[in-house]
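I opened this chain to look up a few things and note them down. The entries are in the order in which I checked them.

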Amino acid sequence: MVGCSQPAACNLGISQGEDKSCNDGKDASAAANCQDTDCFASSTDENVTPGHRRAPSLPLDVPPVDVDKVRCIIRNIVRDWAQEGQIERDECYKPILEELNRLFPDRSRPPSCLVPGAGLGRLALEISSLGFVSQGNEFSYYMMICSSFILNHTQEANEWTIYPWIHNNCNSLSDKDQLRAVSFPDIHPSSAGITEGFSMCAGDFVEVYNEESQESAWDAVVTCFFLDTAHNIVEYIEIISKILKDGGIWVNMGPLLYHFADAYGPDDDMSIELSLEDVKRVAYHYGFVMEMEKMIDTTYTANMVSMMQNRYRAAFWTMRKDVSRSKAKKRQ
């Protein structure tokens, strides 16, 4: 897995895997966020410009699910890398960064921090800029390709322009709002003061970090809109406990909108959906002690000028892997 064990700065490696979500670690809403519920048409023929015939050698029969994923990535660009997404970043990322800054006051020897479900990499980069050896982990090819482009090929701030809301035909206040341009990235990633060792690792979180080499390897793990992407959230928590050093910190932010909760067919993937109370009980079972907990209202890839806004009461907590309890667990 290129880029995992050798964290060259911003060097992304792509691993083989099946991408089953629009944005893997960020699923905020399968209905409201990842899929376009804004009255889109799925027929590819409707995207052909009048007067231009499709070249026979270049078929454009793209499955609607892939079109939705691309639209999802475009909205994630706004969330992570545009000035327009600053409100969401302040709601979601700022509390995490403040907590890490408080818990690791001495970073003369940079602590290590893993960010599973890193998406387009902004949170992992911000953590690196704080003075951590930060590694983002992402499973989605769509996210990895886009984050690689932004992190490795951007020459200056606001170099690129997109029109992220042009496909949203509902709940627009005006045509101008729907057609507005958004520039990205709002900062030049290479000039962000990143700490040596910043990297992005491609692959499934369970497969990559369940290896023996990852045991007790990290000072901190940050999960933001990630836990509910699991088939088995208990397995996620077990691995987070396993890879943290004794006394290590787990900072979490996000809802419990389970990715695979509506999969009922015989061929569908397993899904374990726990309440927040039960999630905390499982964490306690794996040696975690709650140090701070509160709820934070936030959005996910929201169009801030839309007539419809979906908000989450996201769980925000800091847990510490307790040395004595984790040792007792091992003896059992």
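**Ground rules.** I am working from a predicted model, where local features need pLDDT of at least 70, side-chain atom pairs count only at pLDDT 80 or more, and totals for chains, interfaces and linings use all residues. Residues are numbered from 1 along each chain as its sequence is written, and side-chain values use heavy atoms, with hydrogens and water left out.

**Confidence.** I looked up pLDDT, the predictor's confidence in each residue, from 0 to 100. The chain averages 85, and 78% of the residues score at least 70. Over residues 5-53 pLDDT stays under 50. The model has 127 contacts for residues 5-53 beyond four places in sequence, a contact being heavy atoms within 4.5 Å. I note that where pLDDT is low, the predicted coordinates should not be read in detail.

**Whole chain.** I find nine helices and 10 strands; these are DSSP runs numbered from the N terminus, helices being H or I of at least four residues and strands E of at least two. Of the 332 residues, 49% count as buried, that is, under 20% relative accessible area with a 1.4 Å probe, protein chains only. Among contacts between residues at least 6 apart in sequence, 76% join residues at least 24 apart.

**Helices α7 and α8.** I looked up how α7 (residues 233-243) packs with α8 (residues 276-285): the angle is about 35° and the axes are 9 Å apart. Axes are lines fitted to C-alpha atoms over the stretch in contact, with angles from 0 to 180 degrees between N-to-C directions. The crossing is right-handed, meaning that the near helix is turned clockwise from the far one by less than a right angle. I233, V234 and I237 in α7 meet V279, V282 and A283 in α8. The residues of this contact divide into six nonpolar, no polar and no charged; Ala, Val, Leu, Ile, Met, Phe, Trp, Tyr, Cys and Pro count as nonpolar.

**V279.** I then took V279, in helix α8. V279 counts as buried because its relative accessibility is 0%. Beyond four places in sequence, V279 touches I233, I237, L256, Y258, L274 and W317. V279 and I233 are 46 residues apart in sequence and 8.0 Å apart in space, C-alpha to C-alpha.

**R89.** Last, I checked R89, in helix α2 (residues 86-103). Is R89 buried or exposed? R89 counts as buried because its relative accessibility is 4%. Leaving aside neighbours within four places in sequence, the contacts of R89 include D80, W81, R122 and D186.

Technical notes. Buried < 20%, exposed > 50% of the residue type's maximum accessible area, 1.4 Å probe, protein only.
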